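These are my notebook entries from a first look through a structure.

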Amino acid sequence: MDDYRLVGKDEVRQILGGCSDQMAYRVIRQLNRELEERGVITVQGKVSRKYLIERFFGATDEEGDGQCQ
């Protein structure tokens, strides 16, 4: 169940390589829109860690070390 943990901007920033708060929130909003279109209930300002990693790195069990652009 830990795979479905929700993360906020600080962990999003860390996973994406230290991007700005603004970029982290933008990513969270985008991913939550995608999840809502699939019928998934979301929490404002949080996103599934598993979905974040899957979308940015194509992996479901690694943290990755990408950089924000």
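I started with E34, which is buried at a relative accessible area of 14%. Buried here means under 20% relative accessible area, exposed means over 50%, and partly exposed is in between (1.4 Å probe, protein chains only). The model is predicted, so local features need pLDDT of at least 70 and side-chain atom pairs count only at pLDDT 80 or more, while totals for chains, interfaces and linings use all residues. Residues are numbered from 1 along each chain as its sequence is written, and side-chain values use heavy atoms, with hydrogens and water left out.

**Entry: the partner of E34.** I looked up what E34 meets and found a salt bridge with the side chain of R55 (2.8 Å, N to O). I count a salt bridge when a side-chain nitrogen of Lys or Arg is within 4 Å of a carboxyl oxygen of Asp or Glu. This pair links distant parts of the chain, with E34 in helix 2 and R55 in helix 3, 21 residues apart. R55 has 42% relative accessibility, so I noted it as partly exposed.

**Entry: the other salt bridges.** How many salt bridges does the whole structure hold? My search gave six. In one of them, K9 and D21 meet through their side chains at 3.7 Å, N to O. K9 belongs to helix 1 and D21 to helix 2, so this pair ties together parts that are twelve residues apart in sequence. D21 is partly exposed, at 33% relative accessibility. I also found R49 bridged to E11, their closest N and O atoms being 3.2 Å apart. Because R49 sits in helix 3 and E11 in helix 1, that pair ties together parts 38 residues apart in sequence.

**Entry: the chain as a whole.** I read three helices and two strands in the protein chain, following the pattern β-α-α-β-α along the sequence. Helices (H or I, at least four residues) and strands (E, at least two) are DSSP runs, numbered from the N terminus. The chain has 69 residues, and 33% of them are buried. For contacts, meaning heavy atoms within 4.5 Å, I took those with a separation of 6 or more: 52% of them join residues 24 or more positions apart.

**Entry: the core.** Which residues have the most contacts inside the largest nonpolar core? I listed V12, L16, V27, L31, V47 and L52, out of 15 residues in that core. Such a core is a set of buried Ala, Val, Leu, Ile, Met, Phe, Trp, Tyr and Cys residues joined through side-chain atoms within 4.5 Å. Helix 1 (9-15), helix 2 (21-37) and helix 3 (49-57) are the elements giving two or more residues to it. Helix 2 gives the most, with six residues. I then followed V47: leaving aside neighbours within four places in sequence, V47 is in contact with R5, L6, V7, V12, I28, L31, N32, L35 and L52.
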